[in-house]
Amino acid sequence: DVVILAIGSDLMLEREGHDRESIDFSEGQKQLIAAVASASKGPVIAVVFSGGQMDYTVLLENFHIDAVLYAGQPSVQVLGVGDVIFGRTPSGQTVSPAGRLSQMSYPANYVNEVSMFDFNMRPGPSVWPPFSNPGRTYRFYTGKAVVPFGFGLSYTTWRYTPWDPTSASPRVVSLPAIRAEVARPQTVGHIAAGLQATAVDFFVNVTNTGLIAADDAVLGFLVPPGAGTAGVPLQELFGFERVHVLPGQTVTVYLGAQGVRFTQAGADGLRYYLPGTYTVRFGVAATAQHGMGFAETTITIQ
């Protein structure tokens, strides 16, 4: 038998006008998780219902928990969860998950490391107790995520291979139009049309190395020069694409990076051109050990 353990939070704990006080599971739910996991003779699948991400440590460290499925905070009827759990629809159609976490999972203590009144994204000192900020989101958080942004697994396996149609190695690109755009007068908070257009094209070959046809959501990240220093983000999502690939087949995925991805905002809110060597990541490194695609390459912006 399979045990499906539904846990998390509901509108009693988090809703418009009422913030939750913890991102951890309650003590009662922790006791329930431990009791069910130890008593079960078969697989235990935890389905987490929550409007925001939670600290999954209590689930991930329990070796009796075979899988964790984050379902968000749906309405009364939950469609599709059973299909994903069992890998098929009631009619027998094969189903493989391809979802990706749109929010990173912070450790529970994160709520004590930064004030809810501190809206700064970047790490640094704070005027609010505890007078420090470890950074917010996958772009700036300096701690170790419980589950990183973009994490997601599949019932098949994948291989990513970056492909450059120019065959240039190393790849060097000059972006004079972007350099000229940021030299013009700017309005803080407004991204000019010239920066919103695609500036650099990227391609990655996505191969289904498993046994079942499945979708794959391919994420592209840029790690800029000086990442994590002087207000420069650790990495930044620049594109994503969802494709359906049959077993043994390869699909070439295109991801375009806007010109703004090769600029940064200074302390005054104005954007400046940031040349140098960028690391390009396809996929999330933490998923590679689970058979998901992940690859890196570099590009130098002049």
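Rings of Phe, Tyr and Trp (its six-membered ring) form an aromatic pair if their centres lie within 6.5 Å; planes under 30 degrees apart count as stacked, over 60 as edge-to-face and the rest as tilted. This is a predicted model, in which local features need pLDDT of at least 70 and side-chain atom pairs count only at pLDDT 80 or more, while totals for chains, interfaces and linings use all residues. Residues are numbered from 1 along each chain as its sequence is written, and side-chain values use heavy atoms, with hydrogens and water left out.

**View 1. Ring pairs join Y106, Y110 and Y141 in a cluster.** Eleven aromatic pairs turn up in a search of the whole structure. One of them is the stacked pair of Y106 and Y110, at 4.1 Å centre to centre with 15° between the planes. Y106 has a relative accessible area of 16% and is therefore buried (under 20% relative accessible area; exposed is over 50% and partly exposed in between, with a 1.4 Å probe and protein chains only). Y110 is buried as well, at 6%.

**View 2. Y138 and F149 form a stacked pair.** The ring centres of Y138 and F149 are 4.2 Å apart and the planes are at 10°. Y138 lies in helix 4 (residues 137-140) and F149 in the loop between helix 4 and strand 6 (158-163), so the pair ties together parts that are eleven residues apart in sequence. Helices (H or I, at least four residues) and strands (E, at least two) are DSSP runs, numbered from the N terminus. Y138 is buried at 15% relative accessibility, and F149 is buried with a relative accessible area of 15%.

**View 3. The largest pocket holds about 1,400 Å³ of space.** A pocket is an open set of points on a 1 Å grid over the protein atoms alone, where a 1.4 Å probe fits, with protein on both sides within 12 Å along at least five of seven lines; lining residues have an atom within 4 Å of a point. The volume is the space filled by probe spheres set on the points, which are joined across faces, edges and corners. Of the 49 lining residues, L101, V147, F151, G152 and L153 are the closest to the centre of the largest pocket. Strand 3 supplies the largest share of this lining, seven residues. The lining has 33 nonpolar, eleven polar and five charged residues (Ala, Val, Leu, Ile, Met, Phe, Trp, Tyr, Cys and Pro count as nonpolar, Asp, Glu, Lys and Arg as charged, and the others, Gly among them, as polar).
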